[in-house]
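Visitor: Hi, I have a new structure open and would like to talk it through. Could you walk me around it?

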Amino acid sequence: MLNNISIGQYFPGDSIIHKLDPRTKILFTLMFIVSIFISKGFLCFFLIAAFAYLCMRISKISLKFIVRGLKPILFIVAFTFLLNLFLSSGDDVIVKWGVLSITFTGIRNALFMAVRLILLVTCTQLLTLTTSPIQLTDGLERLFTPFKKIGFPAHELAMMMSIALRFIPTLIEETDKITKAQKARGADFESGGVIKRVKAMIPLLVPLFVGAFRRADELAMAMEARCYRGGTGRTKMRPLTYRKADYCAFGISFMLLLVVIALNILNVF
Amino acid sequence: MPVTIENLAHVYAPGTPFEKRAIEKINLTIKDGEFIGLIGHTGSGKSTLIQHINALMLPTEGKVIVNGIDTSTPKSGLEIRKNVGLVFQYPEYQLFEETIEKDVAFGPKNLGIDEEEIRKRVHHALRLVGIDEQLFHQSPFDLSGGQKRRVAIAGVLAMKPNILILDEPSAGLDPAGRAEMRRLIKDIKNEGTTVIMVSHSMDDVSKMCDRIIVMNKGRIALDGPPCEVFKHTELLESIHLGVPAASMLRERLNKNGFDLPDDIYTIEEIKTAILEKLKRR
């Protein structure tokens, strides 16, 4: 039951996009997001969507994965859609019930917001689907390195992230195990009202936390035993380097951003 | 409280690329009062099998019938778990209550038993596993590893199961802890409980159990009393299980000219047999 959760759902592959430097991909995604936010019309969205689709095809990720990843935000999309649909002000009223009214502006706004949200998640998904969590944290660490000068703990943050990611499957497995052990003792996680269900979680959560702390302790000890003392002076086995493909990707994403800006200035919707 | 398993098969993640047939064609009858040792390699399907007996897992194919109740009957889980206690590997990690007494009472409470009876059961179970009365109101997290494990086992015993399944009860314990665990399991058995013990240790199993089930690749490879099972030294070695040290000695001696009977497997029996042979020479 818990095996269906996909966090950092990396989809291994060897496409050009998979092989790009993680920093490139992070910046690329950032450009994507900026483009989405400054877009004022559906034409820009169409352009971005087409571009995202192209990236998806190049990286050989099936649409199914993307759609599955959209499921968790479906509720938020529906919520913003309805909110915008009913609460937008405008003169072009179509239907009206008391305070609620549907206007053409409302419909347009609702659709616009929904598409924006879906595009945002799709683009970030392209990043997480093509980049392994390790690469991702590596990339982030390097990107944040310049900020170390003003005291930003880039290495520590990256290390924390990779440890957290590393332990997600372990914790899921542990949860499964403890759930079973307590079920064997007659625990009932599935029936009863909200309060009863929350209370039923105690026998699961306490051992889980105790276990997590124990693991953290052990890991800290193991890291110290291998002379870990933070990022200073630490070298990498595979240092990140930009290659030709990375520069091309930068160029392409920058062009996309420029085109979106141009479309906005020209007011072409 | 007999258990009948008919043609049991379990498939993990059916219909996906990760599909895995964990156990297949398991047919088994467990009678009252038996002490069964379940051995097999990692991934041989032992854990999957035992979780079926207590309805934590439901069969993909076939049937598991505990005391006349089919485990796949809806809502039968609690009724079955009342009868079949399952102690997982490293059970000490399931403790959660403020005091030892409360933790052991968790199981019986879930069964809806009245306070007085719960108290009696908890005290009986804790005494059985050798936890001192002074400790009853302490936090289970302050105990030593071995003690924690015994408290966890008491938590299952307090449910008064007719069948107790233990998954590697002595894993990770020191020799003294192992000896104590063996004694405890024998005590539990002597109270009339059917015991199924999953183990890697051939020596433990050969010393304690009166029936041994060997699993290999999701199927039952051997099933019988120890003296029968340990005759098959070659088969056991081919599935990387090894045999008790004494059986090994018997096998080697026989290869080199002795003809000791092949249904003996304890060091004492072998000693007597060798002495007898030597006397006759």
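Visitor: Let's start with E34(B): does E34(B) count as buried or exposed, and at what relative accessibility?
Guide: E34(B) counts as buried, at 13% relative accessibility. Keep in mind that this is a predicted model.

Visitor: Which residue forms a salt bridge with E34(B)?
Guide: That would be R211(B), with the closest N and O atoms 2.9 Å apart. R211(B) lies in strand 9 of chain B and E34(B) in the loop between strand 2 and strand 3, so the pair ties together parts that are 177 residues apart in sequence. R211(B) is buried as well, with a relative accessible area of 11%, under the 20% cut-off.

Visitor: Nice. How many salt bridges are there over all chains?
Guide: The count comes to 22. One of them joins D210(B) to K189(B), the closest N and O atoms being 3.8 Å apart. D210(B) sits in the loop between helix 7 and strand 9 of chain B, and K189(B) in helix 6, so this pair ties together parts that are 21 residues apart in sequence. D210(B) is partly exposed at 39% relative accessibility, and K189(B) is partly exposed at 22%.

Visitor: And which residues are linked in a network of salt bridges?
Guide: R21(B), E24(B), E61(B) and R219(B) are linked that way.

Visitor: Switching topic: which residues touch the most other members in the largest nonpolar core?
Guide: L126(B), V214(B) and L236(B) do, in a core of 46 residues. Helix 5 of chain B, residues 145-157, gives the most to this core, with six residues. Leaving aside residues up to four places away in sequence, L126(B) touches I100(B), V104(B), I131(B), F136(B), V151(B) and A154(B).

Visitor: Over to chain A. What do the buried residues of helix 11 pack against?
Guide: They pack against helix 2 and helix 3 of chain A. Among those buried residues are A249(A), S253(A), L256(A) and V260(A). Just after helix 11, N267(A) takes a positive phi of about 60 degrees.

Visitor: How far apart are the end C-alpha atoms of helix 11 in chain A?
Guide: They are 33 Å apart, which agrees with the 33 Å that its 23 residues should span at 1.5 Å a residue.

Visitor: Last one: which element of chain A gives the most to the nonpolar patch?
Guide: Helix 5 of chain A, with five residues. The patch covers about 1,200 Å² and includes F75(A), L87(A) and W97(A). Helix 5 and strand 1 of chain A each give two or more residues to the patch. L87(A), in helix 5, counts as exposed at 57% relative accessibility.

Key. Residues are numbered from 1 along each chain as its sequence is written. Chains are lettered from A and ligands numbered from 1 in the order in which they are written. This is a predicted model: local features need pLDDT of at least 70, side-chain atom pairs count only at pLDDT 80 or more; totals for chains, interfaces and linings use all residues. Side-chain values use heavy atoms; hydrogens and water are left out. Patches are made of residues with over 30% relative accessible area and no salt bridge: like charges are joined within 9 Å, nonpolar side chains (Val, Leu, Ile, Met, Phe, Trp, Tyr) within 5 Å. Accessible areas come from the Shrake-Rupley method with a 1.4 Å probe; for residues, only the protein chains shown count as cover. A salt bridge is a side-chain nitrogen of Lys or Arg within 4 Å of a carboxyl oxygen of Asp or Glu. Helices (H or I, at least four residues) and strands (E, at least two) are DSSP runs, numbered from the N terminus. Buried means under 20% relative accessible area, exposed over 50%, partly exposed in between (1.4 Å probe, protein chains only). The expected span of a helix is 1.5 Å times one less than its number of residues. Contact means heavy atoms within 4.5 Å. A nonpolar core is a set of buried Ala, Val, Leu, Ile, Met, Phe, Trp, Tyr and Cys residues joined through side-chain atoms within 4.5 Å.
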